[in-house]
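Please keep the picture beside you while you read.

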Amino acid sequence: MSNCIFCKIISGEIPSATVYEDNDFKAIMDISPAVKGHVIILPKKHSADLFELEDDSAAKALIVARKIAKAIKEEINCDGINLLQNNGEVAGQTVFHFHIHLIPRYKQDKVEITWGHETYVDGEAVSLATAIAARI
Ligand code: 5GP
Ligand code: ZN
């Protein structure tokens, strides 16, 4: 995609601090990290989001994420790591090339990943589960 900033990073047209690279993925330091050590994993083949991502890339992505998460944890000795992946503007996606965030966490960090809670009426969860299941 000629207009995509992550495609330009993957091709080397835009420089990045690279953490990992193989035939299918490049992982780089996020330019505006939530916490130092924040990495984003980019499949080399452009997909806008999870909905466009091919099964093969989806399967490999978690293997890459796990390798890098272990390396981050070993290097910076963080207390935990969040894997975060945004799809759609409403979900916080700002770059429309699928990517996974690895966000290191410390007990006293300033990251907030939080949500309120809705409740189901009787039978609603089962009926929604059935409807979703029918689409898989
Ligand atoms: P999103 O909000 O789409 O889930 O995440 C996009 C991420 O890409 C943001 O965390 C942002 O800081 C990062 N980002 C945007 N432009 C660049 C760039 O040019 N280089 C790097 N390394 N990261 C970028
Ligand atoms: Zn792209």
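The sections below describe the whole protein, then helix 2, then R135.

## How the model is read

This is a predicted model, in which local features need pLDDT of at least 70 and side-chain atom pairs count only at pLDDT 80 or more, while totals for chains, interfaces and linings use all residues. Residues are numbered from 1 along each chain as its sequence is written, chains are lettered from A and ligands numbered from 1 in the order in which they are written, and side-chain values use heavy atoms, with hydrogens and water left out.

## The whole protein

The protein has three helices and five strands, which follow the pattern α-β-β-β-α-β-β-α along the sequence. Here helices (H or I, at least four residues) and strands (E, at least two) are DSSP runs, numbered from the N terminus. The C-alpha trace spans about 55 × 40 × 25 Å along its principal axes.

Of the 136 residues, 34% count as buried, where buried means under 20% relative accessible area, exposed means over 50%, and partly exposed lies in between (1.4 Å probe, protein chains only). Among contacts (heavy atoms within 4.5 Å) between residues at least 6 apart in sequence, 54% join residues at least 24 apart.

## Helix 2

Helix 2 has 22 residues, 55-76, and reaches 32 Å from its first C-alpha to its last, close to the 32 Å expected at 1.5 Å a residue; that expected span is 1.5 Å times one less than the number of residues. Which residues of helix 2 are buried? They are S57, A61, V64, A65, I68, A69 and I72. Seen down the helix axis, these buried residues fall within an arc of 145 degrees, so they line one face of helix 2; the arc is that of the directions from the axis to the C-beta atoms. An α-helix has 3.6 residues a turn, so residues three or four places apart point the same way.

The cover over the buried residues of helix 2 includes strand 1 (18-21), strand 2 (25-29), strand 3 (39-43), strand 4 (80-84) and strand 5 (100-105). On the face turned away from the buried side sit the exposed residues D55, L62, I63, R66 and E74. After helix 2 comes N77, whose phi is positive, near 55 degrees.

## R135

R135 lies in the segment after helix 3 (124-133). Is R135 buried or exposed? R135 counts as exposed because its relative accessibility is 78%.
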